[in-house]
Amino acid sequence: MSAIRFTEQPLSHWMKTTGAESEIVISSRVRIARNLKQHPFPLLATNRHLEEVQDELKEVLDDPRFQVYGEIHPIELSGLDELNKKMLVEKHLISPNLANESRNGAVFISDDESLSIMVNEEDHLRIQCLYPGFQLKEAWEKATAVDDIFEDHVNFAFDDKRGYLTSCPTNVGTGLRASVMMHLPALVLTQQINRILSAVSQIGLTVRGIYGEGSEAMGNLFQISNQITLGQSEAEIIDNLRSVVLQIIGHEKAARERLIQESRLRVTDRVMRSFGILSHAAMIDSKEAAQRLSDVRLGVDLGLIEGLTPQCLNELMVLTQPGFLYNSYDGSVEPGEMDMYRARLIREKLGKV
Amino acid sequence: MLCQECGKRPASLHFSKIVNGDKSEYHLCEACAREKGELIPGTSGGFSIHNLLSGLLNFETVEQGKRAESPENLRCEVCGMTYSQFSKLGRFGCSSCYKYFNDRLDPLFKRVHGSTVHTGKVPVRVGGAIRTKRQIDDLKRRLQDSIDHEEFEAAAQLRDQIRELERQISE
């Protein structure tokens, strides 16, 4: 099975619907890390061990309980070219680590792309569920149900005291990483963001850029996730994150309200200027594109710009990433021409060439 | 978020440092982190969680270096990873490493998670006894609750359930 079906469309099926609080929460993601008891972790495993891991896990897909998730497509990473790998990363279906560093890596992706199961990443198994909007509980319920199916067929490395044993000490216990991607332009504009983010990091949560560890926050998008995986139950972790996200949503809404009441003209000017630049620029780099798209999204949310949907903006977010951009123009993009093609693609999408 | 040091470049490194129990937050750009010596040498500018962990673990080794048992002799007998390799890589080699390095893991987990014991999901197949123990703990809490509320009929039922589960465990 090739990955083409997953890289043809920038928007996954799940992204075409909207979830709760979708003006502020872009997506909710839950990832569970597991390892098979009888094999060394991928760091030390031989290629034969990793092949066996892949085979054992692939067999589990035959369990009839998987049918409710639609067809699940197993894809071996070794069969993919660099471009397709990059595009899967840009869609968050695989991690950069799986794309670049794994040996005998594979991913099992569901038809609607809301479920992607990574094999031989840092851990043998990483079950990921991705939902639009604020649907953390839904994402967790699905991930744990998939975990239960695997657990019926294979022996996970588990210890009474330490819980699920993972390759990295930061994931031990529940193996659970829950994250919510939020668009927080008003908190950034009103300069409240630093205060909020540092408060968040004091209660066992962490804030990162949208491409995970080590990436910076672009376009006012922040990914908030749990840091602690040991000593808290899954329900506590999810509830804790949920309640913090709800509070941040409240702050962002209040900040938006104040912006529109106290500086309507300034905000309108900013939003419209960004819209103007996106609609007419001949060149734009990815950082500026992300910032301008954030302004336009805020304009759409505040009712200052009509006729654009959040889905169109989501699509642009993915499409303007290098892999998709390169692919959109059939590989005719030279390295120095990225900014030109990016500007062209955005102009076309916004309907003004 | 801007770098708290130069205030110009965006902060790309976010971490907390705990020194003598005082926790401080750092949000730095790469250039300032390098200047302040917060980048671990030999990582070519990359600053992954494993480098950080490695820092924590090596720190530990220095701190407890006077102990009789030197960590160099600690070795996982299943995959062969030594404790000093683990402390450099920040990752375990296999699930048995947890057993062989067990004595040294509590301080690490305490630092990373603030806790050392799992209280979450337990797999049905391998976690039979521990699941039952958790169930008993839960029933005991409910029993106390019933007694507090003087619901003695419910309490009697809970007591019987607990006895039954305890009997299962002892078998």
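Predicted model: local features only at pLDDT ≥ 70, side-chain atom pairs only at ≥ 80, totals over all residues.
**Salt bridges in chain B**

B:Glu166 has a charged partner. The partner is B:Lys140, and the two form a salt bridge with their closest N and O atoms 3.7 Å apart. This pair links distant parts of the chain: B:Glu166 sits in helix H7 (residues 152-170) of chain B, B:Lys140 in helix H6 (residues 128-148) of chain B, and 26 residues separate them. B:Lys140 is also listed as partly exposed, at a relative accessible area of 41%.

Another salt bridge joins B:Asp160 and B:Arg159, at 3.3 Å from N to O. B:Asp160 has 41% relative accessibility, so it counts as partly exposed. B:Arg159 is partly exposed as well, with a relative accessible area of 36%. Salt bridges can also share partners.

Over all chains, the count is 28 salt bridges.

**A buried pair in chain A**

One salt bridge of chain A brings together the side chains of A:Lys91 and A:Glu113, with 2.9 Å from N to O. A:Lys91 lies in the loop between helix H3 (82-90) and helix H4 (96-101), and A:Glu113 in the loop between strand S3 (106-110) and strand S4 (115-119), so the pair ties together parts of chain A that are 22 residues apart in sequence. Are these two residues buried or exposed? Both A:Lys91 and A:Glu113 are buried.

| Salt bridge | N to O distance |
|---|---|
| A:Lys91 and A:Glu113 | 2.9 Å |
| B:Glu166 and B:Lys140 | 3.7 Å |
| B:Asp160 and B:Arg159 | 3.3 Å |

**Positive phi angles**

Most residues other than glycine have a negative phi. Why does A:Glu113 count as buried? Its relative accessibility is 4%, and buried means under 20%.

A:Asn120 is another case. Its phi is near 60 degrees, again a positive value in a residue other than glycine. A:Asn120 is found in the loop between S4 and strand S5 (125-132) of chain A. With a relative accessible area of 2%, A:Asn120 is buried.

**Two helices side by side**

Now to a helix pair in chain A. Helix H11 (residues 310-319) and helix H13 (residues 338-349) of chain A pack at an angle of about 165 degrees, and their axes are 11 Å apart. Why is the pair called roughly antiparallel? Angles over 145 degrees count as roughly antiparallel, so H11(A) is roughly antiparallel to H13(A). Their crossing is right-handed.

Which residues make the contact? H11(A) brings A:Glu315, A:Leu316 and A:Leu319, while H13(A) brings A:Leu345, A:Ile346 and A:Lys349. By type, the contact of H11(A) with H13(A) has 4 nonpolar residues, 2 charged and no polar.

**A buried leucine**

A:Leu11 is in the loop between helix H1 (4-8) and strand S1 (25-34) of chain A. Its relative accessibility is 6%, so A:Leu11 counts as buried. How far is A:Leu11 from A:Val60? The two are 49 residues apart in sequence and 28 Å apart in space, C-alpha to C-alpha.

Key. Residues numbered from 1 in each chain as written. Chains lettered and ligands numbered in written order. Heavy atoms only, no water. Helix = DSSP H or I, 4+ residues; strand = E, 2+ residues; numbered from the N terminus. Buried < 20%, exposed > 50% of the residue type's maximum accessible area, 1.4 Å probe, protein only. Axes fitted to C-alpha atoms, helices over the stretch in contact; angles between N-to-C directions. Parallel < 35°, antiparallel > 145°, perpendicular 65-115°, else oblique. Left-handed = near helix turned anticlockwise from the far one by under 90°. Contact = heavy atoms within 4.5 Å. Nonpolar A, V, L, I, M, F, W, Y, C, P; charged D, E, K, R; others polar. Salt bridge = Lys/Arg side-chain N within 4 Å of Asp/Glu carboxyl O.
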